[in-house]
Amino acid sequence: MTTKMKSYFSRLILLFFALLLPTGDAFGQACTYNLAPANLKVKSQLEYYSIRVKTRPDCSWTASSSKDWVTFPASPSGMGSGSFKVEVAANPADMKRVAHVFIGAKGMTITQEPMACQFSLSASQVTMPPAPGSGQLQIQTASGCRWMAVSSDSTWLTPAYTSGRGPGV
């Protein structure tokens with residue numbers, strides 16, 4: 001057998017044994033991670049939170065987010081136990097939303113409350129011409145807020161628009 005063939009077979013044997021080793025640390029043990037808190041309920045406005053990671057000293061980690069409204073102001077990675085910060089953007093909608101942060105297969109859940117919707121009308125009263133006639137009111141609210149208009153007496157008053165989202169007529 002030539003020297004070139006011996007070198008080839010040596011590399012092939014090393015590659016074979018390397019493929020047999022499990023992933024994990026230098027001793028072949030898989031790294032496990034615990035995140036705290038496991039669940040986080042947050043308000044609707046922009047907030048920053050610290051997440052703790054517990055793992056062995058020889059295990060490296062990098063966090064990722066399932067949604068673009070949960071970001072990391074600094075590198076979300078480390079070696080061994082540590083922590084990282086998440087930035088949760090303000091919720092522009094009137095419905096709660098959910099995201100997940102992962103390190104490997106271990107995840108945590110972030111549930112964000114909906115924005116607080118406030119409503120006002122362009123006038124507190126409207127003088128209507130004799131029937132048939134029409135008038136107009138403007139609804140002021142944030143763009144993510146849903147509204148519904150109903151009549152207290154549908155025999156003479158019917159809203160032209162009965163529902164919408166955000167400011168409207």
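Is Cys145 buried or exposed? Cys145 is buried, with a relative accessible area of 0%; buried here means under 20% relative accessible area, exposed over 50%, and partly exposed in between (1.4 Å probe, protein chains only).

The structure is a predicted model, in which local features need pLDDT of at least 70 and side-chain atom pairs count only at pLDDT 80 or more, whereas totals for chains, interfaces and linings use all residues. Residues are numbered from 1 along each chain as its sequence is written, and side-chain values use heavy atoms, with hydrogens and water left out.

**Overall architecture**

The protein contains 1 helix and 13 strands. Helices (H or I, at least four residues) and strands (E, at least two) are DSSP runs, numbered from the N terminus. Read from that terminus, the order of the elements is α-β-β-β-β-β-β-β-β-β-β-β-β-β. Of the 169 residues, 22% count as buried. The protein exposes about 11,800 Å², of which carbon and sulfur atoms supply 60%; accessible areas come from the Shrake-Rupley method with a 1.4 Å probe, and for residues only the protein chains shown count as cover. Among contacts (heavy atoms within 4.5 Å) with a separation of 6 or more, 46% involve residues 24 or more positions apart.

**Disulfides**

A disulfide is a covalent bond between the sulfur atoms of two cysteines. It is assigned here to a pair of cysteine sulfur atoms within 2.5 Å, and by this rule the count comes to 2 disulfides. With bonded cysteines counted along the chain, the pattern is 1-2, 3-4.

| Disulfide | Sulfur separation | S-S torsion |
|---|---|---|
| Cys31 and Cys59 | 2.1 Å | -90° |
| Cys117 and Cys145 | 2.0 Å | about -95° |

The link of Cys31 and Cys59 is left-handed. Cys31 lies in the loop between helix 1 (3-20) and strand 1 (34-36), and Cys59 in the loop between strand 3 (47-54) and strand 4 (60-65), so this pair ties together parts that are 28 residues apart in sequence. Cys31 is partly exposed, at a relative accessible area of 22%, while Cys59 is buried, at 0%.

The torsion of the Cys117 and Cys145 bond likewise makes that disulfide left-handed. Cys117 occupies the loop between strand 9 (106-112) and strand 10 (120-121), and Cys145 the loop between strand 11 (139-140) and strand 12 (146-148), so the pair joins parts that are 28 residues apart in sequence. Cys117 is partly exposed, with a relative accessible area of 25%.
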